[in-house]
Structure formats: C-alpha cells, structure tokens
Amino acid sequence: MNVIDATAALLAANGEDFMMENRTFAEIAIGDSASLTRQATRRDIDLLAIVSGDVNPIHMDPEFARNSPFHKAVAHGLYGSALISGLIGARLPGPGAICIGQDIRYLRPVGVGDSLTVIVTVRAKDEARHELVMDCLGENQNGETVLTGTAYVRAPTEKLRVRRPEMPNVQVSDHERFHALIARAEGQPPLPIAVAHPCDAASIAAAAEGDRAGLIAPILVGPQAKILAACAAAGVDCAAFRLVDAPHSAAAAARAVELVRQGEAQALMKGSLPNDELAQAVLDKERGLRLGRRLSHVYLIDAPGYPRPLLLTDAALNIAPDLEAKRDIIQNAVDLARLLGVETPRVAILSAVEAVNLNLPSTLDAAALCKMADRGQITGALIDGPLAFDHAVSPVAARQMEVSSKVAGQADILVVPDLEAGDMLMKQLTFLAGADAAGVVVGARAPIILTSRYDSLRTRLASFAVAGLIARTAQRPLAE
C-alpha cells in the first residue's frame, strides 16, 4: 500500500473522503446545512494560544481554571469560530469558499474533554455577489447551546473536486508530565540538599530556583567568599541559605557528602566543580555514598509526540560500561521507573541492528543482558535487545520490520551502549526534538543531581522533584 492509498484508507476509517468536492453557489439551496463534531483537547487549546497569543490563564493554567467559575481550563472563543470556518471550507460550500465574516456569541465555555458540535445552515443567498448568509449553532455533548451567530460566505461558482490536503504534522507540548511531577513534590517539605562548590552564578541560580519553588532547602558548601560573590553575580540573597565553609572544591565535595551521611542533607547537587572531584568524594570507600551497586545516571525525557515518559541511561556517568555495570545501570533505571509509577517498565537495549552481530559488541551485550533477565539477575521489567532506536520507540517502524517483541515500539527505558551514544542521543532529543531532560544519579545512599547551564527552569525543578521522590520513598530506595 502506497502513501496515498494508506492516507485514503485512514480517512475512510474516520468517515472522511480522500477527495473533497464542493457545492457551487447554484447548487446550494436555502435550508441546506452541514455539521461537524470535535472533542476539545489540551493540544487544541495550546495551538490556539500559539496562533492568537492569548495566554489568559483561564485557558492555559488548569490550577487557575479550577478556582474559576468554570472549574476547568476552557478553550478560546476562537475554538468554535475555527470549527465553523473549517466546516465552511471543507464541507459547505467546501473548496473555494471564502468566509468573509462571522458574528458569533459564546454562551457557554468549552473545556478540555468536551465535545462541540457546530452546525451551519443557509439562511439567505445574494445572487449578485454569490454570497451566503449562514446561521451558526454550537452544542456540547449535553445538548446545551454553546454558541450562536451568523457567518457570511462567498461561495464558489466553479465545480471543484480536489485531493484533501495532508494535515501538517504539528507537535505541541507544554511538558505536562514534568509539571505533574513537580506538582507531586510541591506538597512535601523542602528537600535538604547539599550543593557542592556553588561558586558560579548558574549554580546559585539553580539552587535559588528550587528554593523559591519550595522543592529544596539548599545548603551551600564551599569557599564562603566565592559563594557570596556568586550570589551577588546571580542577584540572589544568600542570607536565606545555610553556608558551610570549605577551602576548595575537593574539600567542598567531601564536606557535602559528609552532610548527607550525617543526615543533615537528603540529596547531593553538583555545583561548579569537575565531575571527577565530586565522584571521588561520592565513591570514597570509607566516607562516600556507595552501596553495593554501580552508580548510574538516568535522564527523564519528556518528548513531544511520545505517548509516555521515557528514561535514558547512562548518558552522563559511566563512559564504557562492561556487562556487569550495564546490569546495574538497567536495574537502577527499572527501580526508578517503578518508583515513578511504571509498574512493569519495558526496557530497550539499544544498538544499530536487531540481530546479534559478532562485529558489534553492543549486540552481544544486549543478548547477554536479556538472558541475565531471564535468569532473574535483572528484575521487575520486560527487557529486549538489541533494538535499533526507531524500532524501540516507533510501533510503525517495528511492524514494518516485523520485529516481534513486547518492548519494541513502546519502550519506557532506553539503555545506550556507552556514554558517547547516550550523550548524542540526549542532545538530539533536546536540541532538535524539543524534549526536556531532567536527570539524577541513582544507586547511592542519596540521589545526586548533576546540573547543566543549558537546563530550563522546568527541567531543573523536575530534577529536584524526582530527587525528592527518591529520597522520601526510603532511606535506601534504589540499591537494596
């Protein structure tokens, strides 16, 4: 089946013709009508906000809307007008018609999840101008009148039968999953978090943002003079924070880890110090935070167009993990996914192909890891690999290649072969695909946040939220 045939079949399944045929002015009689029913979605409201610039919180902010007389986010008045225009342009009169005016009165709100049926009926015809006057009516799923009014239309005089244009592929996301994660943490007491060597404006700003949101209570650990200078550069009043003096970055890392071990902090956050200095303090055999399992980093990816949360590991900590390390990396991610509410995570072990290839070590590791899962060495998940990225996340790609798997096309966790592959994949998703990527290091006595100056406020708050969830779930949540 080619693309045209497939599109026609899809339209037919939805009750729409692949071809569009208009009705000319001469063919239209007074009393003729057409109708269209559509359910309002969050995506519809977002698209209208982008087009109109109307970001009234009654439309955009569910919490604000809940406290309004409407009790839920409602669509712009433009929503009903847009459906009327679509009905006129596609059905009556159809292709070639021009809507030259609307006089619409909105009587009731239309909220997310409501169904709106719009009906246009020809009331009058202007023979000289080939114009129609059309009554407009909109009703919700309860039969209540939502809108009434009039549309003025210049009807086509030539018969047209044209191919229905393909709808543009528009992806809109307000990152609801991250907002929900942040909201889940907002009702909890702020998480005490030791920030190691926050001696630049970016580190201070990140800590201050978490404090303002009520998600964390930062403890700033490092050279006091440098921390005060960084606060001044960031425009942050340090008086609200506890400062713990340490002479240099290595000492700051050690002291921050000590605060976690002593229970004064429940999480650790990287400031402006090298990763290896923080890692040295965390991995110290006597005074560090290691337990029995390999530490690993997990990104929580909120990607527009992907229907579920996506975890990516390890793209920040383990450079070239061996088989044993990959086992721990997978188990860490599985435990975190289950903590986030995914009961049986689907884990895709990524490579370039689906078949085991002796020349591709990642395929050999994937096969071995699947067998380890079969033997109970990795628990709590469905695991498959090797899988190429497209076959891991796209049901269409998996079907086309006849990949038979309970994971293919619907992965919850992506396991990359090494840090290079993971870093490139994560940055492609964020810089080219509009994804957000919050991250946390797991497998230690406490969660560890590695900051990036490129993180958005939403991403940083989501990282704080997931760290709080880990820390509060149990004293040792991920590496029992």
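Predicted model: local features only at pLDDT ≥ 70, side-chain atom pairs only at ≥ 80, totals over all residues.
## Helices around H16

Let's start with helix H16, which covers residues 457–473. Helix H6, made of residues 176–186, packs against H16 with the two axes 9 Å apart. The angle for this pair is about 50°, so H6 and H16 count as oblique to each other. If you care about handedness, the crossing of H6 and H16 is left-handed.

Helix H7 also meets H16: their axes come within 10 Å and cross at roughly 70°. That makes H7 roughly perpendicular to H16, because angles from 65 to 115 degrees fall in that class. The crossing of H7 and H16 is right-handed, whereas the one between H6 and H16 is left-handed.

## Two cis peptide bonds

The bond that joins Thr313 to Asp314 is cis, and its omega is near -10°. Asp314 sits in the loop that runs between strand E13 (310–313) and helix H11 (323–339).

There is also a cis bond from Gly385 to Pro386, this time with omega near 5°. Pro386 belongs to strand E15, which takes in residues 382–387.

## Positive phi at two histidines

Where does His130 lie? You'll find His130 in the loop between strand E4 (115–126) and strand E5 (131–140). Its phi is near 55°, which is a positive value in a residue other than glycine. With 31% relative accessibility, His130 counts as partly exposed.

His197 is not a glycine either, and its phi is positive too, at about 60°. This histidine is placed in the loop between strand E8 (191–196) and helix H7 (201–212). Is His197 buried or exposed? His197 has a relative accessible area of 9%, so it is buried, while His130 is partly exposed.

## Back to the E13–H11 loop

The loop between E13 and H11 also holds Ile319. At 63% relative accessible area, Ile319 is exposed, since the cut-off for that label is over 50%. Ile319 and Asp418 are 99 residues apart along the chain, yet their C-alpha atoms are separated by 5.8 Å.

## A nonpolar surface patch

Which residues form the nonpolar patch on the surface? They are Ile98, Ile100 and Tyr152, and together they have about 260 Å² of accessible area. Ile100 is part of strand E3, residues 98–106. With a relative accessibility of 40%, Ile100 counts as partly exposed.

## Salt bridges

How many salt bridges does the structure hold? The count is 20. One of the bridges links the side chains of Glu258 and Arg255, at 3.3 Å from N to O. Both residues are in helix H9 (residues 249–261), and because they are three residues apart there, about one helical turn separates them. Glu258 is partly exposed at 35% relative accessibility, and Arg255 is partly exposed as well, at 24%.

Another bridge joins the side chains of Asp335 and Arg293, with an N to O distance of 3.1 Å. Asp335 is in helix H11, while Arg293 is in the loop between helix H10 (275–282) and strand E12 (296–302), so this pair ties together parts that are 42 residues apart in sequence. Arg293 counts as buried, with 10% relative accessibility.

Asp328 and Arg327 form a salt bridge whose closest N and O atoms are 2.4 Å apart. Asp328 is buried, with a relative accessible area of 8%. Arg327 is at 21% relative accessibility and so counts as partly exposed, given that buried means under 20%.

Finally, there's a network to look at.

Definitions and conventions: Residues numbered from 1 in each chain as written. Heavy atoms only, no water. Patch = residues over 30% accessible without salt bridge, like charges linked within 9 Å, V, L, I, M, F, W, Y side chains within 5 Å. Areas by Shrake-Rupley, 256 points an atom, 1.4 Å probe, with all protein chains shown as cover. Salt bridge = Lys/Arg side-chain N within 4 Å of Asp/Glu carboxyl O. Helix = DSSP H or I, 4+ residues; strand = E, 2+ residues; numbered from the N terminus. Buried < 20%, exposed > 50% of the residue type's maximum accessible area, 1.4 Å probe, protein only. Axes fitted to C-alpha atoms, helices over the stretch in contact; angles between N-to-C directions. Parallel < 35°, antiparallel > 145°, perpendicular 65-115°, else oblique. Left-handed = near helix turned anticlockwise from the far one by under 90°.
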